[in-house]
Amino acid sequence: MIENKIIDGKTVAAAIEARIKIQAEELLGNRGITPGLAVVLVGTDPASATYVRSKGKACARLGFYSATHTLPEETTEGELLALIAELNSDPRVHGILVQSPMPKHINPDTVVLAIDPRKDVDGFHPANVGRLVIGLPSPEPCTPSGVIAMLKHYGIQTRGKRAVVVGRSMLVGKPLANLLLRKGEGGDAIVTVAHSAAGDLGSITRQADILVAAIGRPGYITANMVKPGAVVIDVGINRVDDPTTEKGYRIVGDVDFDAVAPVASAITPVPGGVGLMTIAMLMNNTLRSAQGAFD
Ligand code: NDP
């Protein structure tokens, strides 16, 4: 049931965490395995440090083994790769996440390639991108799989529905399009991916039964771009100046929420929507890795 049209990230993330906790206890009881997540942070970016802490807290809530490796900004790529090699062979660790952004002297592509694909809980390794496209079990990129989890939780059918994803990044748009296209529950949609070369974007988005905005532009999707009754998923997280707030800014999505909500049949708020799903899905990937789902 969707109350007040709002697809609530907090509710869905809590339900997913509750299920993960039960399955983690079963895994420990039946096979003596505690899921483990290693998070590597290079440098001192305060936002990254906050994300890393929240991942550690999620591990604590779920009874996972957690290891945080904080490395100085001047860490060489070779040193980071050596740590990843250690974590690849550490049996306590089922998931490895190297927090982005990394310092400029480190090539993120090299880092992703160094992670054992079975422990790549971000789902960024080319082997896992390929497995997702083929339809083989793989760790699914956390934000896109969070979107699918929200649709499933609220019983929103995707089969045969016209889904338009605005944005084609490797982080959100492309993997989400692949998940929606996949056969089975949460998939089977008729998928269109739009991007900055779309031209008249509204003529495309108005066809959507399910419209996903992953653009990075505050309030870009306006009411006249949305078909009445559409389900609207806002992945955008944008900081806009707001002198009336204590911090001097506030967070808004890619969708003009106040204008679009009356037109949509259901909508995710920002904050309080997709953004809350990412860590839950990271924990889910770590659990699945510990269960051997990607072996
Ligand atoms: P990127 O900047 O990598 O990609 C943005 C995409 O939007 C590109 O494909 C771009 O097209 C497209 N785009 C830009 N302008 C337009 C336009 N005017 N019309 C149509 N398409 C356009 O961003 P990300 O995918 O990484 O992130 C998107 C948003 O989602 C951001 O606000 C980000 O903060 C948020 N986000 C939220 C997460 C969460 O909830 N946890 C996680 C990740 C991201 P082109 O390819 O042609 O340039």
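Predicted model: local features only at pLDDT ≥ 70, side-chain atom pairs only at ≥ 80, totals over all residues.
Me: Let's start with salt bridges. How many salt bridges does a search of the whole structure find?

Reply: Side chains of opposite charge can pair when their charged atoms come close. Here the search turns up 7 salt bridges. One of them joins Asp116 and Arg118, with the closest N and O atoms 2.7 Å apart.

Me: Is Asp116 buried or exposed?

Reply: Buried means under 20% relative accessible area, so Asp116 at 14% is buried.

Me: Which residue forms a salt bridge with Glu140?

Reply: That's Arg182, with 2.8 Å between the closest N and O atoms. Glu140 sits in the loop between helix H5 (126-134) and helix H6 (142-153), and Arg182 in the loop between helix H7 (173-181) and strand S5 (190-194), so the pair ties together parts that are 42 residues apart in sequence. Glu140 is buried at 16%, while Arg182 is partly exposed at 27%.

Me: Now polar contacts. What does the side chain of Glu17 make a polar contact with?

Reply: The side chain of Arg61, at 2.7 Å. Glu17 belongs to helix H1 (residues 9-31) and is buried, with a relative accessible area of 13%.

Me: And what about backbone atoms? Which side chain has a polar atom 3.0 Å from the backbone oxygen of Arg118?

Reply: That would be Ser289, a residue of helix H10 (residues 277-291). Ser289 is buried, with a relative accessible area of 9%.

Me: Last one: which residues form a negative surface patch?

Reply: Asp45, Glu73, Glu74 and Glu79. Take Glu73: you'll find this residue in the loop between strand S2 (65-71) and helix H3 (77-88), partly exposed at 41% relative accessibility.

Technical notes: Residues numbered from 1 in each chain as written. Heavy atoms only, no water. Patch = residues over 30% accessible without salt bridge, like charges linked within 9 Å, V, L, I, M, F, W, Y side chains within 5 Å. Areas by Shrake-Rupley, 256 points an atom, 1.4 Å probe, with all protein chains shown as cover. Salt bridge = Lys/Arg side-chain N within 4 Å of Asp/Glu carboxyl O. Lys, Arg positive; Asp, Glu negative; His and termini not counted. Charge placed at Lys NZ, Arg CZ, Asp CG, Glu CD. Helix = DSSP H or I, 4+ residues; strand = E, 2+ residues; numbered from the N terminus. Buried < 20%, exposed > 50% of the residue type's maximum accessible area, 1.4 Å probe, protein only. Polar contact = N/O pair within 3.5 Å; in protein donor to acceptor, adjacent residues only side chain to side chain.
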